[in-house]
Amino acid sequence: MSQFGDFEAVCALVPSYTWCNLFYRQLLDQNPKYLVGPSATATSAPVGVNVECGIPRVDTDGSLGNIADVIACGVSIFIVSAIIRRSEIRILFFIYLATLLLQLLTTGSLLEQGSTALVALTAIHAGLATQVVEDGTLSSIIPLSIIGIFFFIATTYISLDVALTLTHTFGPSNPPEALASIPLFVLTSIWPGVAALIYLGLMLYIVIGVLNEIRPIWYYVISAVLFILSQLAYFLLSKVICQGSSAKVDGSFIATLLETATVVVLYVAWRSITEEDWDNNDGFYP
């Protein structure tokens, strides 16, 4: 029976679940006999731990890796790069751009499972996924930047400890095959959702209570719906699509495109509440 902080079920049922890379390395060092099926051979293993359906590593029996998500990441990188050139909320988009690049490497079935390179990239990816970002005056940027740096260091360290057992403080699981880490679960699964809800609540308050606007509300609502759909696609459709395509693609590419659509709509929402500033700065932005 799964308990709070367990990754065993999700690593077996959800293809291309990023944080499973950490537990694969943990098992490879602590209890390699637990790895069976496609996961038994690290050089060809898909992302996951004893995953029921996973995309084999690139060049394994003609596999192209997670080619659909790689393409989706490439398209998203192009879109976000274009937005960065015309946006004042650049910190958000730079971080999202960095996560896309890392996602391409950590879930693309390009690197060998259990390798130190994949573990390090996954740990950095986890650190970036917990960021609190803000653009504005120094009085708002500095404290949030300090918080963001703290989250990045803490999450990256915990991720590395889970995978490599650096200090035995956060890893390995007890027993290793339990694939459990409450701190990692909170930071990568609970905190991002809570932060998204807080952000949505704050923006609705600002738009309605401070700016007394209506139109921007719909942009934020649409962005929230798109984000929820991306998570549903990732956790509910991935296995179905993987099995239906004979492990050629999974639902991660749909989730990536929906997450990028979320970011684009957030950009439109930001522009809709700063139209006057935008008009005054048309000569500054290319």
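This is a predicted model: local features need pLDDT of at least 70, side-chain atom pairs count only at pLDDT 80 or more; totals for chains, interfaces and linings use all residues.
Residues are numbered from 1 along each chain as its sequence is written. Local features need pLDDT of at least 70, side-chain atom pairs count only at pLDDT 80 or more, totals for chains, interfaces and linings use all residues, and side-chain values use heavy atoms, without hydrogens and water.

Start with the charged pairs. The structure holds 2 salt bridges (a side-chain nitrogen of Lys or Arg within 4 Å of a carboxyl oxygen of Asp or Glu). In one, arginine 25 pairs with aspartate 29, with the closest N and O atoms 2.9 Å apart. Both sit in helix 2 (residues 20-30), 4 residues apart, so about one helical turn separates them. Helices are DSSP runs of H or I with at least four residues, numbered from the N terminus. Arginine 25 is buried at 15% relative accessibility; aspartate 29 is partly exposed at 42%. Buried means under 20% relative accessible area, exposed over 50%, and partly exposed in between, with a 1.4 Å probe and protein chains only.

Lysine 239 and glutamate 52 form a salt bridge too, at 2.4 Å from N to O. Lysine 239 is in helix 8 (residues 215-244) and glutamate 52 is in the loop between helix 2 and helix 3 (67-84), so the pair ties together parts 187 residues apart in sequence.

Now take aspartate 161, in helix 6 (residues 138-164). Aspartate 161 is buried but has no salt bridge. A polar atom of its side chain lies 2.8 Å from the backbone nitrogen of threonine 167.

Finally, look at helix 7 (residues 182-210). It bends by about 40° at isoleucine 190, and proline 192 follows within four residues. The bend is the angle between axes fitted to the seven residues ending there and the seven starting there.

Notes. Helices (H or I, at least four residues) and strands (E, at least two) are DSSP runs, numbered from the N terminus. Lys and Arg count as positive and Asp and Glu as negative; His and the chain ends are not counted. A polar contact is a pair of N or O atoms within 3.5 Å; within protein, one must be able to donate a hydrogen and the other to accept it, and residues adjacent in sequence count only if both atoms are side-chain atoms.
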